[in-house]
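Subject: Handover of a model, with notes

Dear colleague,

I am passing on the structure below, together with notes on what was found in it. Please read the notes with the coordinates open beside them.

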Amino acid sequence: MAAIDALQSRQPRTPSLAWEIGALSGFGAVALGFQALPLNAKVKMGLLAMVTIFSTLSDQLTDLEEHDDHYAYIIRRCPVCMGRHSDAPLCEMAGAMLDEGLRWLTQIRYSVIETRCHAAGDDECRFVIAKTPLK
Ligand SMILES: [Zn+2]
C-alpha cells in the first residue's frame with residue numbers, strides 16, 4: 001500500500017492526535033497524485049478533501065470559501081464547541097487538524113486562525129488560512 005507507506009514515512013517521531021487526523025484527512029490526496037500538483041492547487045485540493053471527508057463521514061458540516069489572499073474553512077455544525085460558551089474562539093483542535101493536514105500535504109506551515117466561533121456567539125466557526133505560507 002503505497003499510500004500507507006507514504007503516511008508512515010511522513011510521520012513525526014511523536015505524532016500528535018492532530019497530526020494523525022490531519023494526515024488521515026489528506027489520505028485520499030496521496031491516491032490522486034497530490035504530490036505532483038503545484039503548491040497552490042495542493043493546498044486548495046487538500047482543504048476541499050478535508051471539507052468532503054468531515055462533511056460526509058461525520059456530523060461536522062463544513063464549507064470552503066476562496067478569497068484573494070486566504071481561504072475560509074467554515075464549520076457550520078461544529079462538534080468541538082457545540083453547546084459550549086466562551087468569550088473567544090476555542091476550537092483549537094479543529095485548527096490544529098487544518099494546520100497539520102496542510103503541513104502533511106505540503107511540508108510547509110500556513111497561518112490558521114479561528115476568527116469566528118459558535119461558542120463565542122457567532123453563527124459559524126471560521127478559520128482563515130493565508131495563501132502565503134509562513135516563513
Ligand atoms: Zn469554534
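I113 has V128 in β4 as its bridge partner, and this pair belongs to the contact between β3 and β4, which run antiparallel to each other over 4 bridges. Before going further, please note that the model is predicted, so that local features need pLDDT of at least 70 and side-chain atom pairs count only at pLDDT 80 or more, while totals for chains, interfaces and linings use all residues. Residues are numbered from 1 along each chain as its sequence is written.

Helices (H or I, at least four residues) and strands (E, at least two) are DSSP runs numbered from the N terminus, and two strands are said to pair if DSSP finds at least two bridges between them. On that basis the protein chain has 5 helices and 4 strands, and from the N terminus on its elements follow the order α-α-α-α-β-β-α-β-β.

The 4 strands make up an open sheet, ordered β1-β2-β4-β3, with antiparallel pairing. Its edges are β1 (61–66) and β3 (112–116), each of which has a single partner strand, so one side of each is left without a neighbour in the sheet. On average, neighbouring strands of this sheet are turned by 25 degrees against each other, direction ignored; axes here are lines fitted to C-alpha atoms, for helices over the stretch in contact, and angles run from 0 to 180 degrees between N-to-C directions. Within the sheet, β2 (residues 70–77) is joined to β1 by 6 antiparallel bridges, and β2 also pairs with β4 (residues 125–130) in the antiparallel sense, again over 6 bridges. Y73 in β2 stands opposite L64, and the bridge partner of Y73 in β4 is F127.

L64 itself lies in strand β1 and is partly exposed, with 16 other C-beta atoms within 10 Å; a residue is buried if 20 or more other C-beta atoms lie within 10 Å of its own, exposed if 12 or fewer, and partly exposed in between, with C-beta atoms placed from the backbone. Leaving aside residues up to four places away in sequence, L64 touches L47, L48, V51, Y71 and Y73, where contact requires that the C-beta atoms, placed from the backbone, lie within 7 Å.

Helix α4 (residues 39–57) lies across β1 and β2 and runs at about 160 degrees to β1. In α4, the residues V43, G46, L47, M50 and F54 are buried. They cover an arc of only 95 degrees around the axis, which puts them on the same side of α4, the arc being that of the directions from the helix axis to the C-beta atoms. On the other side of α4, the residues A41, T56 and L57 are exposed.

Helix α5 (residues 92–106) has 15 residues and reaches 21 Å from its first C-alpha to its last, close to the 21 Å expected at 1.5 Å a residue, that expected span being 1.5 Å times one less than the number of residues. α5 is mostly covered, with 11 of its 15 residues buried, among them M97, L98 and W104. Just after α5, Q107 adopts a positive phi of about 65 degrees.

For the protein chain as a whole, 30% of the 135 residues count as buried.

With best regards

Notes. Two residues are in contact if their C-beta atoms, placed from the backbone, lie within 7 Å.
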